[in-house]
Amino acid sequence: MTETTLEKTEIFVRHARELDQALNSGIRDLQAKASTHGTAGILVTKLAPGRFTLELSHDVPFGYTYEKS
């Protein structure tokens, strides 16, 4: 992937119970923005325990969410 990023958000959580809500909220926000572009999907990258980036990227097909470690 060449990682052409349009928008990027970082997620930090301290407790596992917060993770799903934080990721789902961030993904919903990017899905709304992706629909205006119509050409990019969402890339979720785990950087460390409790630390993630969510990116709106042309390297991911529109309508898809890819995960990367």
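User: Is K33 buried, exposed or partly exposed, and what places it in that class?

Analyst: Please bear in mind that this is a predicted model. The class follows from the relative accessible area, where values under 20% are called buried and values over 50% exposed. K33 has a relative accessible area of 35%, so K33 is partly exposed.

User: With which residue does K33 form a salt bridge?

Analyst: The partner is E7, and the closest N and O atoms of the pair are 2.8 Å apart. K33 belongs to helix α1 and E7 to strand β1, so this pair links distant parts of the chain, 26 residues apart. E7 is also partly exposed, because its relative accessibility is 28%.

User: How many salt bridges does the structure hold?

Analyst: There are two salt bridges. Besides the pair of K33 and E7, the side chains of R51 and E10 meet at 3.6 Å, N to O. R51 is in strand β3 and E10 in strand β1, so the pair ties together parts that are 41 residues apart in sequence. R51 is partly exposed, with a relative accessible area of 33%, and E10 counts as partly exposed at 41%.

User: How should I read the strands and their order in the sheet?

Analyst: In general, strands of a sheet pair through backbone hydrogen bonds, and the pairing is either parallel or antiparallel. Here four strands form an open sheet in the order β1-β3-β2-β4, with mixed pairing. The edge strands are β1, residues 5–12, and β4, residues 65–68, each of which pairs on one side only. From one strand to the next, the twist averages 20°.

User: How many bridges join β1 to β3, and do these strands run parallel or antiparallel?

Analyst: Seven bridges join β1 to β3, and the two strands run antiparallel. As one case, T9 has L54 in β3 as its bridge partner. Helix α1, residues 16–37, packs on the sheet and touches β1, β2 (41–48) and β3. The direction of helix α1 makes about 10° with that of β3.

User: Is T53 buried or exposed?

Analyst: T53 has a relative accessible area of 4%, so T53 is buried. Its place is in strand β3, which covers residues 51–57. Leaving aside neighbours within four places in sequence, T53 is in contact with K8, T9, E10, L43, V44, T45 and L47.

User: Where does Y66 lie, and what is its accessibility?

Analyst: Y66 lies in strand β4. Y66 counts as partly exposed because its relative accessibility is 31%.

User: Which residues line the largest pocket, and which element gives the most to the lining?

Analyst: The lining consists of D20, L23, N24, I27, V44, K46, F52, T65, E67, K68 and S69. With four residues, α1 gives the most to the lining of the largest pocket. At least two residues of the lining are supplied by each of α1, β2 and β4.

Methods
Residues numbered from 1 in each chain as written. Predicted model: local features only at pLDDT ≥ 70, side-chain atom pairs only at ≥ 80, totals over all residues. Heavy atoms only, no water. Buried < 20%, exposed > 50% of the residue type's maximum accessible area, 1.4 Å probe, protein only. Contact = heavy atoms within 4.5 Å. Pairing = 2+ DSSP bridges. Axes fitted to C-alpha atoms, helices over the stretch in contact; angles between N-to-C directions. Salt bridge = Lys/Arg side-chain N within 4 Å of Asp/Glu carboxyl O. 1 Å grid on protein atoms, 1.4 Å probe; cavity = no way out; pocket = protein on both sides within 12 Å on 5 of 7 lines; lining within 4 Å.
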